[in-house]
Amino acid sequence: MLYAILCYHDEDFVGSWTREQDAAVMQKLAVVQDRLTRQGRLGPVARLLPTTSATTLRKDEPAVVLDGPYAETKEQLLGFYIVDCKNLDEAVEVARDLGAANPGGAYEIRPVGVFAPGSAAT
């Protein structure tokens, strides 16, 4: 079963990290990612650019395009992982490993109902 692990954190806090601090967190996350890759369980991983670069399409009639994110929240969606796990317990364990490498914020875990690998080059 594929699970999406959505990474939420305070964008201002993460954005305040020095290059060295950011690199240290990314290096810790790479350890978990490398293990999942060796196991053949890691799908796409994305780190999103800041919400200041977001555009939102409101699905009103007529549709409205807005600059910036839709939700005003304390924590923002900063990225996601797609992982192949036997069950939810296994997905929670992956999220715990990611959380140990990048403390703070939250990881939301959702089963992926439809999977199409797409054709975009990475």
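Modeller: This is a predicted model. In it, α2 and helix α3, residues 88–101, pack with their axes 8 Å apart and at an angle of about 155 degrees.

Colleague: How does α2 run relative to α3, roughly parallel or roughly antiparallel?

Modeller: Angles over 145 degrees count as roughly antiparallel, so at about 155 degrees α2 is roughly antiparallel to α3.

Colleague: And is the crossing of α2 and α3 left-handed or right-handed?

Modeller: The crossing of these two helices, α2 and α3, is right-handed.

Colleague: Which residues make the contact?

Modeller: From α2, the contact uses V25, K28, L29, V32, R35 and L36. From α3, V94, D97, L98 and A101 take part.

Colleague: How do the residues of that contact divide by class?

Modeller: Seven residues of the contact of α2 with α3 are nonpolar and three are charged, with no polar ones.

Colleague: Changing topic: what volume does the largest pocket have?

Modeller: The volume of the largest pocket is about 500 Å³. The pocket is lined by 26 residues, and those closest to its centre are V14, D22, M26, R47 and L78.

Colleague: Which element gives the most to the lining?

Modeller: That is α2, with five residues in the lining of the largest pocket.

Colleague: What classes of residue does the lining have?

Modeller: The lining of the largest pocket has 17 nonpolar residues, together with six polar and three charged ones.

Colleague: Now the backbone. Where is there a cis peptide bond?

Modeller: The bond between E61 and P62 is cis, with omega at about 0 degrees. As background, most peptide bonds are trans.

Colleague: And where does P62 lie?

Modeller: P62 is in the loop that runs between β3 (55–58) and β4 (64–67).

Colleague: Last, the overall layout. How many helices and strands does the chain have?

Modeller: There are three helices and six strands in the chain. Starting at the N terminus, the order of the elements is β-α-α-β-β-β-β-α-β.

Colleague: What box do the C-alpha atoms fill?

Modeller: Taken along the principal axes, the C-alpha atoms of the chain fill a box of roughly 45 × 35 × 30 Å.

Terms used:
Residues are numbered from 1 along each chain as its sequence is written. This is a predicted model: local features need pLDDT of at least 70, side-chain atom pairs count only at pLDDT 80 or more; totals for chains, interfaces and linings use all residues. Side-chain values use heavy atoms; hydrogens and water are left out. On a 1 Å grid over the protein atoms alone, a cavity is a set of points where a 1.4 Å probe fits but cannot get out, and a pocket is an open set with protein on both sides within 12 Å along at least five of seven lines; lining residues have an atom within 4 Å of a point. Grid points are joined across faces, edges and corners, and a volume is the space filled by probe spheres set on the points. Helices (H or I, at least four residues) and strands (E, at least two) are DSSP runs, numbered from the N terminus. Ala, Val, Leu, Ile, Met, Phe, Trp, Tyr, Cys and Pro count as nonpolar, Asp, Glu, Lys and Arg as charged, and the others, Gly among them, as polar. Axes are lines fitted to C-alpha atoms, for helices over the stretch in contact, and angles run from 0 to 180 degrees between N-to-C directions. Angles under 35 degrees count as roughly parallel, over 145 as roughly antiparallel, 65 to 115 as roughly perpendicular and the rest as oblique. A crossing is left-handed if the near helix is turned anticlockwise from the far one by less than a right angle, and right-handed if clockwise. Contact means heavy atoms within 4.5 Å.
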